[in-house]
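Subject: Structure for your review

Dear colleague,

Please find below the structure that I am handing over to you. My findings follow directly after it.

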Amino acid sequence: LYFVLPVGGLAATLNHFNHLNRRVTSCAFFGLLLVYIANGGRGAPFISFFPDHVIDQLDDETALHQFTNVMGCAFLLTSNYIGRQIGGCGDESCAIDHGNGISNGTADKSCGGDNGHGHGHGHDHSHDHGHGHANC
């Protein structure tokens, strides 16, 4: 819990700056909330507002505890995957920034790919970069 929440929160925040989609970021933080609820324990802040029978179920290794924890992880992983897809990190070259501050991988995909570049600044990459793969 002391690792997952800070690292997950940092990852969700940094991912938000990549994709700028509030829904995806909300899913990530909802996932963190579920992990917190499942693992925070009886004395954790805000969990004391839950009814006692729910806290008892979350304290033990019950189906509710496991379901809540797994759903939290699922929300985190799904939001990360979707954020990478819409943010342009579907390939290993997602960190390329050509001065506009956005690397969203929206290069020309009409030729069955982005010519292996992943340049995400929105203009057509069907021209030759001198790498031997000119117009499709």
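The notes below go from the overall fold to individual residues.

**Overall picture**

Please bear in mind that this is a predicted model. The chain contains 4 helices and 0 strands, and its pattern along the sequence reads α-α-α-α. Of its 136 residues, 31% count as buried. The accessible surface of the chain amounts to about 8500 Å², and carbon and sulfur atoms account for 61% of that area. As for contacts between residues at least 6 apart in sequence, 38% of them join residues at least 24 apart.

**Salt bridges around Arg 42**

How many salt bridges does a search of the whole structure find? The search returns 2. One is formed by the side chains of Arg 42 and Asp 52, with an N to O distance of 4.0 Å. Arg 42 sits in the loop between helix H2 (22-39) and helix H3 (52-59), while Asp 52 belongs to helix H3, so this pair ties together parts that are 10 residues apart in sequence. The side chains of Arg 42 and Asp 56 also meet in a salt bridge, here at 2.2 Å from N to O. Asp 56 is in helix H3 and Arg 42 in the loop between H2 and H3, so this pair ties together parts that are 14 residues apart in sequence. Through shared partners, the salt bridges join Arg 42, Asp 52 and Asp 56 into one network.

Arg 42 is partly exposed, with a relative accessible area of 39%. Asp 56 counts as partly exposed at 35% relative accessibility. Asp 52, at 54% relative accessibility, counts as exposed; the reason is that exposed means over 50%.

Leu 58 lies in helix H3 and is buried, with a relative accessible area of 7%. Not counting residues up to four places away in sequence, Leu 58 touches Ile 37, Ala 38, Leu 64, His 65 and Thr 68. The C-alpha atom of Leu 58 is separated by 8.5 Å from that of Arg 42, the two residues being 16 residues apart along the chain.

Two of the residues touched by Leu 58, namely His 65 and Thr 68, deserve a description of their own. His 65 has its place in helix H4 and is buried, with a relative accessible area of 7%. Leaving aside neighbours within four places in sequence, His 65 is in contact with Ala 38, Asn 39, Gln 57, Leu 58 and Asp 60.

Thr 68 is likewise found in helix H4, which spans residues 63-87. Is Thr 68 buried or exposed? Its relative accessible area is 9%, so Thr 68 is buried, the limit for that class being under 20%. With neighbours within four places in sequence left aside, Thr 68 is in contact with Leu 34, Ile 37, Ala 38 and Leu 58. The side chain of Thr 68 also reaches the backbone oxygen of Leu 64, at 2.7 Å.

Thr 62 is placed in the loop between H3 and H4 and is buried, with a relative accessible area of 16%. The side chain of Thr 62 reaches the backbone oxygen of Gln 57 at 2.5 Å.

**Nonpolar surface patch**

Which residues form a nonpolar patch on the surface? They are Leu 10, Leu 14, Phe 17 and Leu 20, with about 450 Å² of accessible area together. Of these, Phe 17 is found in helix H1 (residues 4-19). Phe 17 counts as exposed, with 58% relative accessibility.

**Cysteines**

The structure holds 0 disulfides. Cys 27 is partly exposed, with a relative accessible area of 32%. Cys 73 is partly exposed as well, with a relative accessible area of 35%.

Yours sincerely

Conventions: Residues are numbered from 1 along each chain as its sequence is written. This is a predicted model: local features need pLDDT of at least 70, side-chain atom pairs count only at pLDDT 80 or more; totals for chains, interfaces and linings use all residues. Side-chain values use heavy atoms; hydrogens and water are left out. Helices (H or I, at least four residues) and strands (E, at least two) are DSSP runs, numbered from the N terminus. Buried means under 20% relative accessible area, exposed over 50%, partly exposed in between (1.4 Å probe, protein chains only). A polar contact is a pair of N or O atoms within 3.5 Å; within protein, one must be able to donate a hydrogen and the other to accept it, and residues adjacent in sequence count only if both atoms are side-chain atoms. Contact means heavy atoms within 4.5 Å. A disulfide is a pair of cysteine sulfur atoms within 2.5 Å. Patches are made of residues with over 30% relative accessible area and no salt bridge: like charges are joined within 9 Å, nonpolar side chains (Val, Leu, Ile, Met, Phe, Trp, Tyr) within 5 Å. Accessible areas come from the Shrake-Rupley method with a 1.4 Å probe; for residues, only the protein chains shown count as cover.
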